[in-house]
Amino acid sequence: MSTIRRQTIISSVVIYVGFAIGLLNIYFFTKEGLFTTADYGLISIFMPVATLMMAFASMAMPSYISKFYPYYNDNLPPGKNDMITWALLVGVVGFILVLVAGWFFKDLVIRKYSQNAPQLVMYYYWIFPMGLGLTIYSIVETYTWSLGKPVLANLSREVLWRILITILIVLFITRIIKDFDLFIKLYAFTYPAIALALFAYLLFTKKIHFTFQVSKVTRRYLKKILTLCTFVYSGVLIFTISQVFDSIVIASVLKDGIDKAGIFGIAQIMTSIIQAPQRSIISVSIPHLSKAWKDKNMPLLQKIYQRSSINLLIFSCGIFLLIALNYKEAVQTFGLKDVYLQGFSAFILLGLTRVIDMGTGVNTQIIGTSTFWRFELISGAILLTLMLPLTYILAKRFDIMGPALANLISITIYNIVRIAFLWKKFRLFPFTVQSAYTVLSAGICYAVCYFAFINVHGFVGLVVRSMAFVFLYGGTLLYFRLSPDIIPVIDTIKKRIRLGKKEE
């Protein structure tokens with residue numbers, strides 16, 4: 001657990017550095033006088049569509065790597081490991097099929113989006129480079145996780161990608177990039193750039209080897225690999241569609257859809273900050289979960305499940321309520337367009353969704369790396385059956401709040417089903433009494449800080465409210481020791497501080 005804890009902390013720090021850069025980017029995107037609401041709406045819709053392309057094109061290759069990497073690594077020398085060769089080849093072929101489908105369905109896209117999101121139709125083909133980059137990156141990223149280098153992968157996705165966007169923004173502000181047309185076209189190549197950078201690093205450090213000779217592991221497990229990919233592919237498609245459907249529906253069915261996609265995009269980005277620790281824990285835990293299933297180490301699985309649950313619940317509650325305390329005040333204090341205040345209600349619903357999803361721990365990864373990965377398809381079908389009609393119906397009735405409410409309802413039911421499955425099959429359960437104490441203490445700390453500083457505004461209000469909440473909530477966690485990882489982390493920090501003083 002110490003390795004998981006250390007890598008998770010480092011990965012979380014890297015991710016939050018990336019989010020700090022991302023918040024700076026958002027400031028420029030939403031500030032009066034730089035980009036229009038429609039401009040940011042188009043930028044916001046690029047990633048969901050590219051993610052959908054990636055889900056189709058990758059053909060479940062990330063899941064193949066996550067599940068079978070221990071078998072390849074334990075039975076083959078690096079030079080004869082053909083896993084990454086076939087994964088990338090399948091991904092490229094898959095994206096060619098996506099290109100063909102994109103050309104074939106262009107007329108449908110024009111009919112659906114020409115009225116409410118004409119900018120999306122105009123730059124339709126420019127989404128494909130980002131989709132290709134995301135496809136290649138997702139495969140190489142998962143391979144990097146399996147190599148035991150989650151920090152490197154997170155550094156590329158969370159920091160390097162956002163730095164590239166910052167550079168584009170600076171060039172746009174200084175008029176080196178003279179118009180938004182060139183900006184969005186260059187933006188489309190940011191993911192291919194980081195995919196190439198990560199791939200080049202692994203190739204240069206000889207962490208990736210290519211061979212088109214079919215290995216004994218591939219021959220031995222080919223039937224299981226094909227079965228896994230068939231079922232998981234369907235599950236991944238279902239889950240991805242459910243995740244990006246809200247933005248696509250908003251752009252399609254709501255009046256001024258591209259503008260509202262931007263408003264909704266701000267709420268989504270704020271909730272993605274809540275998810276940062278989840279990304280790091282997933283990237284660190286996958287190889288350990290795969291190994292635990294291979295060794296039939298159920299105590300380790302239960303330990304990872306419960307630890308991930310309480311740690312993610314602590315982080316998600318804290319970050320969600322910290323942002324909620326300051327959301328409206330930050331928009332006004334930093335001079336962002338007032339229209340983005342409309343996203344607050346959507347943020348609250350999406351934030352609650354993330355807290356519920358994160359509080360259930362790494363259940364997706366536990367199921368995905370087990371022999372019961374077929375349940376991914378079943379649970380995903382349940383999610384999609386709920387999510388799609390709810391999103392469409394509620395969007396028409398409640399505007400941008402509708403998709404957020406659909407997310408909350410669907411993801412809650414989805415996680416209940418998965419918790420019940422893991423308990424029934426393996427007697428694995430994520431929650432303890434500390435889970436209830438965490439939610440209760442977070443709510444109390446929020447209420448105290450909200451009412452204590454309700455009349456304190458501006459930058460001072462942001463700082464005072466934030467510091468008060470962090471100290472109050474952090475003190476509660478320490479006093480009640482709600483996570484078994486808190487004290488070891490503090491002890492490690494103390495040791496490093498003492499070591500640094502001795503070296504001086």
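In the predicted model, Phe 183 is in contact with Phe 29, Phe 35, Ile 43, Leu 168, Ile 169, Phe 172 and Ile 177, when its neighbours within four places in sequence are left aside. Phe 183 belongs to the largest nonpolar core, which holds 143 residues. Within this core, Phe 183 and Tyr 64 are the residues that touch the most other members. Helix α14, spanning residues 298-333, supplies the largest share of the core, namely 16 residues. As a general background, nonpolar side chains in soluble globular proteins tend to be buried together.

Leu 108 is located in helix α5, which comprises residues 106-113. Its relative accessible area is 35%, so Leu 108 is classed as partly exposed. Tyr 125, by contrast, is placed in the loop between α6 (118-122) and α7 (127-146). The relative accessible area of Tyr 125 is 40%, and this residue is therefore also partly exposed.

The surroundings of Tyr 125 were then considered. Apart from its neighbours within four places in sequence, Tyr 125 is in contact with Trp 103 and Lys 106. Tyr 125 and Asp 107 are separated by 18 residues in sequence, and their C-alpha atoms lie 12 Å apart in space.

Note on methods. Residues are numbered from 1 along each chain as its sequence is written. This is a predicted model: local features need pLDDT of at least 70, side-chain atom pairs count only at pLDDT 80 or more; totals for chains, interfaces and linings use all residues. Side-chain values use heavy atoms; hydrogens and water are left out. Helices (H or I, at least four residues) and strands (E, at least two) are DSSP runs, numbered from the N terminus. Buried means under 20% relative accessible area, exposed over 50%, partly exposed in between (1.4 Å probe, protein chains only). A nonpolar core is a set of buried Ala, Val, Leu, Ile, Met, Phe, Trp, Tyr and Cys residues joined through side-chain atoms within 4.5 Å. Contact means heavy atoms within 4.5 Å.
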